[in-house]
Amino acid sequence: MSELSKNNFKSLGLPRWLVDSLMAMKITQPTQIQKACIPPILKGGDCIGGAKTGSGKTIAFAAPMLTKWSEDPSGMFGVVLTPTRELAMQIAEQFTALGSSMNIRVSIVVGGESIVSQALELQRRPHFIIATPGRLAHHILNSGEDTVSGLKRAKFLVLDEADSLLTKTFANDLNVCVGALPPKNRRQTLLFTATITDQVRALQDAPDQENKPPLYCYEVESVDKVAVPSTLRTEYILVPEHVKEAYLYQLLTCEEYKDSSAIVFVNRTMAAEIMRRTLRALDIRVASLHSQMPQQERTNSLQRFRANAARVLIATDVASRGLDIPVVELVVNYDIPSDPDVYIHRSGRTARAGRRGDAISFITQRDISRIEAIESRINKKMQECTKVHDTAVIRKSLNKVTKAKREALMAMEKENFGERRKIQRKKNNTDQKSLRA
Ligand SMILES: Nc1ncnc2c1ncn2[C@@H]1O[C@H](COP(=O)(O)OP(=O)(O)OP(=O)(O)O)[C@@H](O)[C@H]1O
């Protein structure tokens with residue numbers, strides 16, 4: 001098929017109803033990854049789809065799956081696994097929206113929600129299950145044959161954020177999930193990520209004992225060696241460790257960003273909580289998202305941020321992958337991640353679908369080697385951010401920021417926050433490690 005004739009979804013082989021659904025979402029022209037993946041998936045192939053953050057990978061797998069399902073819309077059809085609960089909910093929303101005219105049934109199977117109501121929902125035979133591996137594995141092992149028997153007839157398995165799912169963290173649960181599905185030669189397997197790792201590639205090269213053609217591997221835009229979107233501006237600020245909070249406050253309230261929607265990434269849950277309280281005391285509309293929060297709070301926080309009731313989201317890496325919130329204009333790496341791929345995913349929460357966005361990294365003396373590793377991974381040098389440079393201004397805000405932080409710490413101590421966190425962590429552990437996700 002020539003490049004020109006791939007310029008709309010119909011010519012890629014999608015049916016009218018789905019083209020209409022996409023059009024209702026104002027999606028009319030396929031992106032590169034969609035052009036590359038949809039036709040071979042429709043032909044029955046497996047696929048490794050690698051493309052930058054925000055390039056439309058979800059529709060690249062959802063559209064061909066929905067197309068094939070609509071030809072025989074009965075029973076369990078596909079399973080999508082993804083590393084976080086919020087991402088599972090987001091993908092389920094996309095499937096539901098795209099398939100709404102076809103009475104689609106989509107079930108979300110994630111940790112932190114009622115096991116019993118999920119089991120009942122699974123018994124009603126959804127067409128698609130969007131799950132985190134831990135909770136789906138739990139149902140497979142504990143919920144009885146009538147709950148999970150439908151999995152044996154699934155035609156598709158998707159590993160979204162495949163590189164993350166193929167790490168040790170998920171190995172046991174993933175094995176349980178894959179073991180409950182038809183063998184490789186009787187299903188299609190689709191792997192998608194913005195950061196293809198050797199573990200993902202290895203699946204393509206693995207000897208094929210089941211007589212299935214090898215996985216197609218699309219590394220879209222591989223000619224362009226820069227691993228982040230071209231619309232993403234990458235900058236850094238050199239910050240002395242003891243005034244990081246004051247710099248953050250200045251950045252979030254400076255002329256350019258005072259009304260912007262921003263995600264601030266920190267490396268620890270405790271830091272996220274301190275930061276949320278500090279910024280709230282400084283009159284910034286703020287929410288937080290981390291793994292030690294009860295699920296209902298996680299969902300509420302994200303909803304508030306999506307609806308712009310909160311302008312700033314303080315998050316750990318539970319929010320670094322996949323979340324699609326188009327209004328986000330700024331990502332701050334308040335703490336620098338040790339893995340350069342994590343930087344790519346975090347920064348990819350902005351500059352999505354061709355929009356502009358900024359990723360600003362706070363660099364202390366200790367972070368220099370991490371920054372070098374990131375620059376070499378993304379093949380791009382960060383520019384110095386000049387929006388917060390006036391030391392007098394920093395000095396001026398330092399007092400009030402320090403006071404706000406001190407009050408936040410005192411309130412947390414009074415509420416026994418550290419203790420509550422321990423209890424929550426213990427609860428999460430006893431909910432057992434297989435419910436991790
Ligand atoms: N063909 C298209 N035209 C315009 N917008 C699109 C198109 N395809 C997808 N989008 C929109 O682009 C945004 C990003 O898509 P998506 O979340 O699938 O990105 P992704 O590649 O999975 O990113 P990540 O690697 O961060 O998970 C979504 O809001 C989606 O609706």
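Tutor: Helix α14 passes helix α15 in a right-handed crossing. This is a predicted model. In it, α14 spans residues 340-347 and α15 spans residues 368-378. Their axes come within 8 Å and cross at roughly 70 degrees. Angles of 65 to 115 degrees count as roughly perpendicular.

From α14 come Pro 340, Tyr 343 and Ile 344. They meet Ala 373, Ile 374, Arg 377 and Ile 378 of α15. By class, six residues of the α14 and α15 contact are nonpolar, none is polar and one is charged. Arg counts as charged, and the α15 side includes Arg 377.

Next, the pair of α6 and α9. Helix α6 covers residues 133-142, and helix α9 covers residues 168-179. The axes of α6 and α9 come within 8 Å and cross at roughly 50 degrees. The two helices are therefore oblique to each other. Their crossing is left-handed. On the α6 side, the contact uses Pro 133, Gly 134, Leu 136, Ala 137, Ile 140 and Leu 141. On the α9 side, it uses Phe 170, Asp 173, Leu 174, Val 176 and Cys 177. The contact of α6 with α9 holds nine nonpolar residues, one polar and one charged.

Then α2 and α3. Helix α2 runs over residues 32-42, and helix α3 over residues 57-71. Their axes are 9 Å apart, and the packing angle is about 25 degrees. So α2 is roughly parallel to α3. The crossing of α2 past α3 is right-handed. Helix α2 brings Ile 33, Gln 34, Cys 37, Ile 38, Ile 41 and Leu 42 to the contact. Helix α3 answers with Lys 57, Ile 59, Ala 60, Ala 63, Pro 64 and Thr 67. The α2 and α3 contact divides into nine nonpolar residues, two polar and one charged.

Lys 57 links this pair to the ligand. It belongs to the α3 side of the helix contact, and it is also listed among the closest residues to the ligand. The shell has seven nonpolar residues, 10 polar and three charged.

The contact between the domains takes 17 residues from domain 1 and 15 residues from domain 2. On the domain 1 side, helix α4 (residues 85-98) gives the most, with four residues. That side of domain 1 has three nonpolar, nine polar and five charged residues.

Note on methods
Residues numbered from 1 in each chain as written. Predicted model: local features only at pLDDT ≥ 70, side-chain atom pairs only at ≥ 80, totals over all residues. Axes fitted to C-alpha atoms, helices over the stretch in contact; angles between N-to-C directions. Parallel < 35°, antiparallel > 145°, perpendicular 65-115°, else oblique. Left-handed = near helix turned anticlockwise from the far one by under 90°. Contact = placed C-beta atoms within 7 Å. Near = placed C-beta within 6 Å.
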